[in-house]
Amino acid sequence: MRATLMYGPGDIRVEDVAEPALEQPTDAIVRIVRSCICGSDLHPYRSMSASVDGTRMGHEFLGVVEDTGREVRGVRKGDLVVASFAFQDNTCDLCRANLQTSCPHGGFFSDAQAEAIRVPLADGTLVGLPGDVDDALLPSLLTLADVYGTGHHAAVRAGVKPGDSVTVIGDGAVGLLAVLSAQRLGAEQIILMGRHRDRTDLGRDFGATDVVAERGAEGIERIRELTGGHGTHAALEAVGHLDAYETALATVRPGGVISRVGVPQYAQGPLGFGALFGRNLTLTGGPAPVRAYIDELLPAVLDGTVRPGRVFDRTIDLAGVPDGYRAMDDREALKVLIAP
């Protein structure tokens, strides 16, 4: 089958690899119907060490079950399914506490930009979808695998509630869906920090009340102006770079919450008295346990009430994946959908 491999910075190739096969009785094989390129894929695209063998790519997918191991009970051949970007048993103590990304038996997918995939722990990972779902809903259903669940996680971990004010840092797909999630949780003021007009316009559609295009000290000052000098109750950081975290620190009010869901590209940041401790700030976030959210978010996606798939602004086939990475890296595309 055809699959995506990354060999080094900017070096994406679509090559022939072996078809996946069942390895454990809890596995399933899924023929991929839709996958995509994630903003987090751009981090290795820009900086990974060169590799002779290449690294398989992709962690978001939905598809049709092609085969199952003998212990799989939750899905069967022919079912349309969506998978969380992490696989998990969904029965252990941590999974029952909605920390599926910490499942001791689980792990993370890294081979979904392909024609098919092996799914470990299928009963804990795959969620069945209606077999007669309209193809127009597939992009929104795919966001349940990661990007919508991650935006929702940012807002949930921040404790966003009716009447709150929120700063969302980053106008990528996760940031935009964090806006949508904050709006659904009742936030009264949602300030989106972003400089790309097409993206921030979508952010306004999703519920942003204000857009701040300025960065650094100028952007921080603008948010202070919009909040009467106090800052917002929560800052949702969807970028992963140190300057974004520092902006979150500067824009959240005392007693507020910083929720980070952008994969951090730094190991250290301000944590001391003047940063967190003295202002009674809470720092939270992490990889989203999206399996905990799929059942909750699915109904509104199925009935069209919520359309998170609007973050996809380009569709390609597998052969177009190298250009899809380039387009996202050059900010020519917000999020690229792959239809194998």
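**Ground rules.** I am working with a predicted model, where local features need pLDDT of at least 70, side-chain atom pairs count only at pLDDT 80 or more, and totals for chains, interfaces and linings use all residues. Residues are numbered from 1 along each chain as its sequence is written, and side-chain values use heavy atoms, with hydrogens and water left out.

**Cysteines.** I looked for disulfides, meaning pairs of cysteine sulfur atoms within 2.5 Å, and found zero. For Cys95 the closest cysteine sulfur is that of Cys92, at 3.6 Å, which is too far for a bond. Cys103 is in no disulfide either, with the sulfur of Cys95 as its nearest, 3.8 Å away. I then checked burial, where buried means under 20% relative accessible area, exposed over 50%, and partly exposed in between (1.4 Å probe, protein chains only). Cys95 is buried at 2%, and Cys103 is buried at 7%.

Asn90 has a positive phi of about 65°. I located Asn90 in the loop between strand E7 (86-87) and helix H2 (93-96); helices (H or I, at least four residues) and strands (E, at least two) are DSSP runs, numbered from the N terminus. Arg331 has a phi near 60° and sits in the loop between helix H11 (321-329) and strand E18 (336-338). Both are partly exposed, Asn90 at 26% and Arg331 at 42%.

**Aromatic pairs.** I used this rule: rings of Phe, Tyr and Trp (its six-membered ring) pair if their centres lie within 6.5 Å, with planes under 30 degrees apart counted as stacked, over 60 as edge-to-face and the rest as tilted. The count is six aromatic pairs. One of them is Tyr45 with Tyr325, tilted because the planes are at 35°, with centres 5.3 Å apart. This pair links helix H1 (residues 42-47) to helix H11, 280 residues apart. Tyr45 is buried at 9%, and Tyr325 is buried at 0%.

Phe85 and Phe108 are stacked, at 6.0 Å centre to centre and 20° between the planes. Phe85 is buried at 8%, whereas Phe108 is partly exposed at 46%. I also logged one aromatic cluster of Phe61, Phe87 and Phe109.

**Charges over rings.** Here NZ of Lys or CZ of Arg must be within 6 Å of the ring centre and within 35 degrees of the ring normal. Arg13 sits over the ring of Tyr7, 3.7 Å from its centre. Arg260 lies over the face of Tyr245, at 5.7 Å.
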